[in-house]
Amino acid sequence: MTEDTNRVLADLDECVAGLEATLIEVRRHLHAHPEPSGEEVRTTEFLAQQLAEMGWEPRVYRNGIGVSADVVLGRPSDGAPLIAVRSDMDALRMPDEKAVEYRSQYEGLNHACGHDAHAAMVLGLGLAGAAWRRHSETETLAGPVDGVRLRLIFQPAEETSQGARWLVEQGVLEGVSAILGIHVDPERLAGQVGIRYGALTANCDEVAFVVNGHGGHAARPHHTIDSVAAAAQLVGALYQFLPRSVDSRQPSVFTIGEIKGGYAPNVIPERVELRGSLRTTDPHVRETLKRRIGDIVDGIEEVSGARVRYEFLNPLKAVYNDPQIAAALEEAAKQVVGKENVALINRPSMGGEDFSIYLEQAPGAMLRLGCSPPGVEPPLFLHSQKFDLDERVLSLGTRILLRAAVLLTDRLRPSPPSAQEE
Ligand SMILES: [Zn+2]
Ligand SMILES: [Zn+2]
């Protein structure tokens with residue numbers, strides 16, 4: 001790192017140092033006013049207004065949900081890469097059982113995945129840019145290094161894996177060279193960071209099955225084609241054969257989470273519907289298992305006489321962290337929280353994250369920021385009714401993302417032509 005970059009980073013720290021109270025205030029406002037996936041209209045208005053007040057121009061997306069704004073730090077040169085920083089903003093349809101003054105004011109809605117915190121952290125980059133602008137006007141902070149160009153993205157509907165797709169379709173990534181993401185992680189103490197190179201989350205495929213038989217009397221199954229028995233066989237066969245179809249050292253899991261069918265204990269129904277979720281981290285394993293599901297369905301049709309239709313729905317690829325961008329996040333995190341608090345994540349999560357949709361357009365990486373308040377055992381898990389976080393992590397998140405953007409700007413800038421070429 002050059003001396004100039006170091007100086008810029010020191011200046012940035014000074015900008016963010018004064019922002020902590022504002023970040024907490026923003027997060028508490030969002031936390032008290034949660035909106036579910038696809039309905040984040042007031043959240044969008046609030047964030048757009050904050051950005052406008054800082055002097056940035058907000059772009060609001062279709063149906064008034066989702067907002068982005070381009071922000072500069074310092075004075076970027078023409079060749080400076082545009083770096084996107086993504087936050088989500090949706091809450092979950094579940095009760096908030098916390099006894100704090102900023103608890104949800106809306107019945108049955110809860111920011112239980114920390115997306116309020118992500119929005120505050122990313123808004124912090126806009127605040128830092130505005131603070132830098134004010135400081136530079138008084139000449140205290142005009143670093144000689146190229147400025148940084150940022151696109152702050154606040155997306156709706158992450159929990160339903162739709163929001164990233166909506167914004168990408170509307171051109172949110174036009175001109176973007178790299179994208180950064182962050183998610184809070186209650187399984188780590190506040191201030192600890194997890195970084196992963198390669199697959200961070202899983203490929204997710206929903207599978208819907210419809211088993212069609214012939215209904216009839218419970219006492220005379222020989223007059224029927226029993227859809228319940230076929231469905232039961234199907235679940236058993238999938239659970240038995242899928243894991244044995246791929247190398248056991250490659251992570252994969254298949255779960256049926258929903259079964260519907262039947263009218264009464266003494267009636268064999270015509271049809272049974274099942275829905276499940278396939279999670280994999282390797283594209284070949286994913287293809288193999290999808291094919292094997294087809295084979296197993298064929299086999300169940302053969303032995304049961306039932307017709308089984310199936311389809312894959314809502315495919316979502318794994319988040320695959322780009323090595324260069326993950327390295328910038330790792331370095332930034334080490335500078336902010338100290339080497340001893342940054343760990344490599346040794347296994348991908350089997351969860352899904354629609355950050356992967358941006359990665360189809362631009363390389364990027366996402367980090368996990370520990371958020372558990374010390375002394376709380378067991379941790380307040382994501383999607384649990386009492387989920388809360390240590391708010392000191394808000395400014396840490398902002399600082400890590402800022403530093404990573406500065407480091408990346410330095411690394412992604414086109415290099416000047418060498419002497420020999422001239
Ligand atoms: Zn979630
Ligand atoms: Zn989440």
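Eight residues of domain 1 touch eight residues of domain 2, contact being counted when C-beta atoms placed from the backbone lie within 7 Å. On the domain 1 side, four of these residues are nonpolar, three polar and one charged; here Ala, Val, Leu, Ile, Met, Phe, Trp, Tyr, Cys and Pro count as nonpolar, Asp, Glu, Lys and Arg as charged, and the others, Gly among them, as polar.

This is a predicted model, in which local features need pLDDT of at least 70, side-chain atom pairs count only at pLDDT 80 or more, and totals for chains, interfaces and linings use all residues. Residues are numbered from 1 along each chain as its sequence is written, with chains lettered from A and ligands numbered from 1 in the order in which they are written.

Domain 1 comprises 3–201 + 318–412 and domain 2 comprises 203–316, with bounds from an automatic or database domain assignment. Their C-alpha centres are 39 Å apart.

I turn now to helix 7. Its residues are 283–304; helices are DSSP runs (H or I, at least four residues), strands likewise (E, at least two), numbered from the N terminus. Which residues of helix 7 are buried? They are Arg286, Leu289, Ile293, Ile296, Val297, Ile300 and Ser304, where buried means 20 or more other C-beta atoms within 10 Å of the residue's own, and exposed 12 or fewer, with C-beta atoms placed from the backbone.

Note on methods: Contact = placed C-beta atoms within 7 Å. Expected span 1.5 Å × (residues − 1).
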